[in-house]
Amino acid sequence: MEFATSVNGVPIRLTAERWLHIVENRDELAGRSDEILDVIEQPDWVSRGYRGSLIAWKGYGRRGYLAVLYKELGAGDGFIITAFFTTKPKKKDKVWP
């Protein structure tokens with residue numbers, strides 16, 4: 001299990017189960033767990049997701065944006081739900097910065 005600290009100071013975990021889910025559905029993210037964790041720690045912005053989740057966004061040039069959905073369960077725990085590349089970022093409902 002790997003960890004990153006969100007912009008709110010919450011440790012966010014990337015479990016083996018979630019990592020498997022991400023790479024099984026998105027081949028382009030295989031071998032990029034460090035980049036996914038980096039997006040949590042140093043996003044360009046964070047927006048509100050569905051059902052209390054947050055989405056950290058980081059631009060990757062022509063590739064578009066890497067979006068990482070995660071949930072903060074409290075001040076001391078959170079987890080990554082999924083991650084994907086997109087060319088259509090959601091700038092609405094920004095919560096950070």
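Mentor: A definition to begin with: two strands pair if DSSP finds at least two bridges between them. Keep in mind as well that this is a predicted model.

Trainee: OK. How many strands does the open sheet have, and what is their order?
Mentor: There are seven strands in the open sheet, ordered 1-2-6-5-4-3-7, and the pairing is mixed.

Trainee: Which ones are the edge strands?
Mentor: Strand 1, residues 2–5, and strand 7, residues 94–96. Each of these pairs on one side only.

Trainee: And how much are neighbouring strands turned against each other?
Mentor: By 35° on average, with direction ignored.

Trainee: What actually holds strands together in a sheet?
Mentor: In general, strands of a sheet pair through backbone hydrogen bonds, and the pairing is either parallel or antiparallel.

Trainee: Moving on to helices. Where does helix 1 lie?
Mentor: Helix 1 is residues 16–25, and it lies across strand 2 and strand 6, the latter being residues 77–86. Its angle to strand 6 is about 10°.

Trainee: And which strands does helix 2 lie across?
Mentor: Helix 2, residues 33–41, lies across strand 1, strand 2, strand 4 (54–59), strand 5 (65–74) and strand 6. It runs at about 25° to strand 1.

Trainee: Change of topic: how many salt bridges are there?
Mentor: The count comes to five. One of them joins the side chains of Glu 17 and Arg 18, with 2.9 Å from N to O.

Trainee: Is Arg 18 buried or exposed?
Mentor: Arg 18 counts as buried, because its relative accessibility is 18% and the cut-off for buried is under 20%.

Trainee: What does Arg 32 form a salt bridge with?
Mentor: With Glu 35; the closest N and O atoms are 3.6 Å apart. Arg 32 has a relative accessible area of 21%, so it is partly exposed. Glu 35 is partly exposed too, at 25%.

How values were computed. Residues are numbered from 1 along each chain as its sequence is written. This is a predicted model: local features need pLDDT of at least 70, side-chain atom pairs count only at pLDDT 80 or more; totals for chains, interfaces and linings use all residues. Side-chain values use heavy atoms; hydrogens and water are left out. A salt bridge is a side-chain nitrogen of Lys or Arg within 4 Å of a carboxyl oxygen of Asp or Glu. Buried means under 20% relative accessible area, exposed over 50%, partly exposed in between (1.4 Å probe, protein chains only). Helices (H or I, at least four residues) and strands (E, at least two) are DSSP runs, numbered from the N terminus. Axes are lines fitted to C-alpha atoms, for helices over the stretch in contact, and angles run from 0 to 180 degrees between N-to-C directions. Contact means heavy atoms within 4.5 Å.
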